[in-house]
Amino acid sequence: MSANQTSADKPAQARDQARAWQRMLSGRRLDLLDPSPLDVEIADIAHGLARVARWNGQTIGAHIFSVAQHTLLVEAVMRAENPNIDVRLRLAALLHDAPEYVIGDMISPFKAVLGGDYKVVEKRLLAAIHVRFGLPPQLPAETERQIKAADRGAAYLEATELAGFSKEEAKRLFGPDPGLPDTVMGDYLTPWSAAKAEKRFLARFKALQA
C-alpha cells in the first residue's frame, strides 16, 4: 500500500481478514474482542456447543462427545456434590464453557502453549454471556472453585469412560471419581447426536431459568 493509500482502499480480502466478529445463525454479529451481551443468544450457544467435540474428537461412540453434553454432565456432578446449591449457580455451571461456541474447545496442553491471550478473549466472552443471562460478570471465587471441581469430576468420567484413560492416570490428572449413580452416568456418558445435545442443553437451560 502506498503512503497515500487509506485502509478503505485496501482490497476487500485484506479488510475481511482483519474482522474480529462472527455472524451467528440468529443473525447476530458477535465481536470477539469487545463482545456485547445484546449479541448473545442461547440458541446460538446451544447450536454451537452441540457441534464442538471434547477431547479433540478422540472418544468412542458413533457421535462426538460434545461440549454441550459435557456442560450438562458438569451441572449434574455439581448437583450431586452440592445438593442445596442455588439454581443460579447451577446455571453458571451449565454455561461455564459457553465461550467455546465461538472459540472452540482447545485441550489444556494447547491452551498452555497459547498463553494468556486465549484466556483474555475467553473471559470477555464469558462475562458478556453471564450479563446476558442475569449472572454477575465475574463469579465469586468459591463458586468458581465449585464449578472447577465439578468440571474436573466430569473430566475424570469422560477420560475413563470415553477417552481411553486408565483410572489411575485420570485420577492423577483430574482428581477422584465423583461417584455419580450408574443411571446418570449411562445417560450423560453415551455420546448423543448434535440434534439431541442441542435439544437437551436448551431444555436444561430453560428449566434452570424458570
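Student: Leaving aside its neighbours within four places in sequence, which residues is Leu95 in contact with?
Tutor: This is a predicted model, in which local features need pLDDT of at least 70 and side-chain atom pairs count only at pLDDT 80 or more, while totals for chains, interfaces and linings use all residues. Residues are numbered from 1 along each chain as its sequence is written, and side-chain values use heavy atoms, with hydrogens and water left out. Contact means heavy atoms within 4.5 Å, and with the neighbours within four places set aside, the residues in contact with Leu95 are Ile42, Leu126, Ile129, Phe133, Leu135 and Phe201.

Student: Which residues have the most contacts inside the largest nonpolar core?
Tutor: A nonpolar core is a set of buried Ala, Val, Leu, Ile, Met, Phe, Trp, Tyr and Cys residues joined through side-chain atoms within 4.5 Å. Buried here means under 20% relative accessible area, exposed means over 50%, and partly exposed lies in between, with a 1.4 Å probe and protein chains only. The largest core has 57 residues, and those with the most contacts inside it are Ile45, Leu73, Leu95, Tyr101 and Phe201.

Student: Which helix contributes the largest share of this core?
Tutor: Helices (H or I, at least four residues) and strands (E, at least two) are DSSP runs, numbered from the N terminus. The largest share of the core amounts to eight residues, and these come from residues 67–81, which form helix α3.

Student: How far from Asp44 is the nearest side chain of opposite charge?
Tutor: Asp44 lies in helix α2, which covers residues 42–49. Lys and Arg count as positive and Asp and Glu as negative, whereas His and the chain ends are not counted. A salt bridge needs a side-chain nitrogen of Lys or Arg within 4 Å of a carboxyl oxygen of Asp or Glu. Asp44 is buried yet has no salt bridge, and the nearest side chain of opposite charge, Arg28, is away by 6.3 Å.

Student: Why is the pair formed by Phe165 and Phe174 called tilted?
Tutor: Rings of Phe, Tyr and Trp (its six-membered ring) pair if their centres lie within 6.5 Å, with planes under 30 degrees apart counted as stacked, over 60 as edge-to-face and the rest as tilted. By this rule there are five aromatic pairs. The ring centres of Phe165 and Phe174 are 6.1 Å apart, and the pair is tilted because the angle between their planes is 55 degrees.

Student: What angle lies between the planes of Tyr188 and Trp192?
Tutor: Tyr188 is buried at 11% relative accessibility, and Trp192 is buried with a relative accessible area of 4%. Their rings form a tilted aromatic pair, 6.0 Å centre to centre, and the angle between the planes is 45 degrees.

Student: At what distance from the ring centre of Trp21 does Arg29 lie?
Tutor: A charge sits over a ring if NZ of Lys or CZ of Arg is within 6 Å of the ring centre and within 35 degrees of the ring normal. Arg29 lies over the face of Trp21, and its distance from the ring centre is 4.1 Å.
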